[in-house]
Amino acid sequence: MTLKGLPRVTISHRGAQRLSAGHPWVFSGDVRDDGGAVSGDVVLVQQRRRSGKLRVLGCAFFNRESMITLRLIESGEAVIDRAFWRRRLQQALELRARLADEDQAGRLVFAESDGIPGLIADRYHQVIVLQTLCAGAERLRRQWVELLQELTGVDTFVERNDTAARRLEGLPERAGMLQGRLAGPLQVRLGGLLRTIDPLAGQKTGGYLDQRHNHRRAGQLARGRCLDVFSYQGGFGLSLAAGGGTPVTLLDQSERALEIARADAASNRLQVETRCGNAFDVLRGLQQQGQRFHTICLDPPAFAKNKRALESALRGYKEINLRALKLLEPGGLLITSSCSYHLSVDLFEDILLQAARDARRQVQLLERRGAASDHPERLGFPESRYLKCLLLRAW
Ligand SMILES: C[S@@+](CC[C@H](N)C(=O)[O-])C[C@H]1O[C@@H](n2cnc3c(N)ncnc32)[C@H](O)[C@@H]1O
């Protein structure tokens, strides 16, 4: 579509300031006139200057149903057509080609961070899993499949739009095949191990690709008796076992995830024990029994899904970290993560300090880590810096 045919959405001075500071979203309270745009449209974003003249700020996806009414695609005037999106995808793929390691899985497109608002594309060997998390990305679903097939040669596509984030956009939750067939779970090489991924039924798009470099790092540092809490299919635990940790216990509330972890351990000739249960109860029980570990990983789900939930989330983070610190041998390693965007790294470290005080332990911070580099952070867009993974040693 030419620029002339696009609806024009006028935003407030505050909204314009936000965009010029590098943040790609405009919230509903900053929209002055929607120019008759329909959810899913690409629109021209403009601001009325003091002189009364209108100035075009950029092109964006529009969604009337969402608090995030506009998601900036490009600053200034640009023709947002198929060729434009092809270039954007190509740019994202070039980065991944540069970052390539021996893993057969990784993130190809990380939404706003790659300049493609709302689109997530994860590759598991010969399968691509898509999430379209805003109305604009949703409308172009067919086009993403065609372009990604053209650019990667992959012809099997799965949709994992069964995520609560879609509800906030007024979009239905849905999962299934978009193209091709998938008989069941796949085997992919990750961190030197053969891992099972179920793109249709696993958590997220099948696995926690954002943690894959942290899994590997944990394996390099593994020592002695290890505990992987909130293990899912053993991303940390299997790496710990491969790195020489023994014995390794995986703990999760999902028996299905643990079943897959046991099968993967066997196919990689590794030994792990699994425990199905509520991490809070099991950690308390281990402490009461006087158990000790040399290495503990904590990787809970996001306790703070929104700002309002932060207060109780802080209590949850503190409790599991306190219990883990009490279970650590002197000199033991704690690899602790939080994927709550609302919990800043400073606040997370503060909680760890409080937990260390209560546990009467001294703690050294060895590394501050984040998501794997194929989940790049977009400067000016803190929402893309959600995963924190700290490596600590406790005395
Ligand atoms: C962020 S995922 C873990 C990802 C995993 N560590 C990895 O790197 O692949 C969180 C996991 O916690 C599990 N979980 C959630 N609440 C739990 C609870 N109260 N007790 C035990 N497991 C829980 C979920 O089943 C999920 O597998």
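Residues are numbered from 1 along each chain as its sequence is written. Because the model is predicted, local features need pLDDT of at least 70 and side-chain atom pairs count only at pLDDT 80 or more, while totals for chains, interfaces and linings use all residues.

The ligand is surrounded by 18 residues. The closest are Phe230, Tyr232, Gly235, Ala279 and Asp299. Helix 6 and helix 8 (279-288) each contribute at least two shell residues. Helices are DSSP runs (H or I, at least four residues), as are strands (E, at least two), numbered from the N terminus. By class, the shell holds 9 nonpolar, 7 polar and 2 charged residues. Ala, Val, Leu, Ile, Met, Phe, Trp, Tyr, Cys and Pro count as nonpolar, Asp, Glu, Lys and Arg as charged, and the others, Gly among them, as polar.

The peptide bond from Thr246 to Pro247 is cis, with omega near -10°. Most peptide bonds are trans, and most residues other than glycine have a negative phi.

Two non-glycine residues with positive phi are described here. His125 has a phi of about 55°. His125 sits in the loop between strand 8 (119-124) and strand 9 (127-132). His125 counts as partly exposed because it has 15 C-beta neighbours inside 10 Å. The cut-offs are 20 or more for buried and 12 or fewer for exposed, with partly exposed in between; other C-beta atoms within 10 Å of the residue's own are counted, all placed from the backbone. Lys204 has a phi of about 50°. Lys204 lies in the loop between strand 13 (193-197) and helix 5 (212-221). With 16 C-beta neighbours inside 10 Å, Lys204 is also partly exposed.

Notes:
Near = placed C-beta within 6 Å.
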